[in-house]
Amino acid sequence: MLFEIRHVTEYAYDEPVRESVMELWMQPRKSFDQMLVNFELEVEPPSQIFSYADSYGNAVHHFDVPAPHQRLRIVARSVVETHGHAALPAALDMDEWDRLKAEAVRGECWDFLSLQGFAIETPALHDFIQKRRLNDLKDHDPLTAVRELNKALYDAFDYEAGITEADSPIDHALTQGSGVCQDFAHIMIAICRLWGIPARYVSGYLFTDREAGERSNPDATHAWVEVFLPSLRWVGLDPTNNVLAGERHIAVALGRDYSDIPPTRGVFKGEAESQLSVGVSVRQGASAPVEPEFLRMGAPAIAAARRRASTQALLDQHHQQQQQQ
């Protein structure tokens, strides 16, 4: 399927700020089942944009607006072609649990086994697991267990924007019984890691099918989970909609949790209050794909990273990040 994505982010300040430094995780990934046809990034006020790859292979764009400004607008346009995933088996054998304990698996997936960041062990999480008898799912093979966990989370939580924020811990959604995709992904990741199943956070977009009952906001970014099963490698699951990740899921970045890969993260110099506005449009494309535009790496990216490190130490934190819904 061919998709055209337009992602607009705007920061408005009540007083001019003297400088803004931003990092962006907005360029869709390139993989065997997803081809990046084109990617364009516009910034207003105009700024030179540098790019580099982070430790998980995600494309990161960085820019610095050194002049005073009262508005910062970022427009990312992508064209992506996705392909259907291979059909999964109905189940795996129970020996998969032993394969997950292998040193090779634990070494390869160490980052995605540690409980940290937003995906942590809390009393509220243990109460939730106990009340829902979720540990009983481990009586099944790992593939069946994570499928059933995906459904259990879908059944347990209402989808409601505004209940949580971008930096809300999982206890907020667990207590309220509602949240958005970011919350559900973190809860699922924490449970999988408690079970010894490597799990990672995926940010991106979803071409939402409301007629099929999908709950995701079609005008926002999306997040889901990938789990590592040695016999299958990485398998994507979407607890917000109780589906497997498929050709309508457009992956942008992979990380341990949201804090690794927010759509935007930055700092500014000044005392102003800010307001964040975000708009996302995902539509099916009709034109034939053109030559892919690849992430260009080189010396400017290294120079930008050094400049960012020195500049960031002088700036106040810029907290208005985009929550994924």
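Me: Helices (H or I, at least four residues) and strands (E, at least two) are DSSP runs, numbered from the N terminus. In which helix is Asn150 found?

Reply: This is a predicted model: local features need pLDDT of at least 70, side-chain atom pairs count only at pLDDT 80 or more, and totals for chains, interfaces and linings use all residues. Residues are numbered from 1 along each chain as its sequence is written, while side-chain values use heavy atoms, with hydrogens and water left out. Asn150 falls within residues 142-156, and that run is helix H4.

Me: Is Asn150 buried or exposed?

Reply: Buried means under 20% relative accessible area, exposed means over 50%, and partly exposed lies in between (1.4 Å probe, protein chains only). Asn150 has a relative accessibility of 3%, so Asn150 counts as buried.

Me: Leaving aside neighbours within four places in sequence, which residues is Asn150 in contact with?

Reply: Contact means heavy atoms within 4.5 Å. With those sequence neighbours set aside, the partners of Asn150 are Met188, Leu237, Asp238, Pro239, Asn242 and Val243.

Me: In E12, which residue is the bridge partner of Asp238?

Reply: Two strands pair if DSSP finds at least two bridges between them. E11 and strand E12 (residues 243-244) run antiparallel, joined by 2 bridges. Their hairpin has 4 residues between the strands, and there Asn242 takes a positive phi near 55 degrees. Across from Asp238, the partner in E12 is Val243.

Me: In E11, which residue is the bridge partner of Glu226?

Reply: E10 and E11 run antiparallel, with 5 bridges between them. A hairpin of 3 residues connects the two strands. The E11 partner of Glu226 is Gly236.

Me: What is the volume of the largest pocket?

Reply: On a 1 Å grid over the protein atoms alone, a pocket is an open set of points where a 1.4 Å probe fits, with protein on both sides within 12 Å along at least five of seven lines; lining residues have an atom within 4 Å of a point. Grid points are joined across faces, edges and corners, and a volume is the space filled by probe spheres set on the points. For the largest pocket, this comes to about 660 Å³.

Me: Which residues lining the largest pocket are closest to its centre?

Reply: The lining has 25 residues. Closest to the centre of the pocket are Phe32, Asp33, His85, Glu226 and Trp234.

Me: How many salt bridges are there?

Reply: A salt bridge is a side-chain nitrogen of Lys or Arg within 4 Å of a carboxyl oxygen of Asp or Glu. One such network links Glu10, Arg71 and Arg73. By this rule, the count is 14.

Me: How many residues apart are Glu23 and Arg265?

Reply: Their side chains form a salt bridge, 3.7 Å from N to O. Glu23 is in strand E2 (residues 19-24) and Arg265 in strand E14 (residues 264-269), so the bridge links distant parts of the chain. Glu23 is buried at 11%, whereas Arg265 is partly exposed at 29%.

Me: Which helix holds both Glu96 and Arg99?

Reply: These side chains meet in a salt bridge, 2.7 Å from N to O. Glu96 is buried at 0%, whereas Arg99 is partly exposed at 29%. The two are 3 residues apart, about one turn, and their helix, residues 96-100, is H1.
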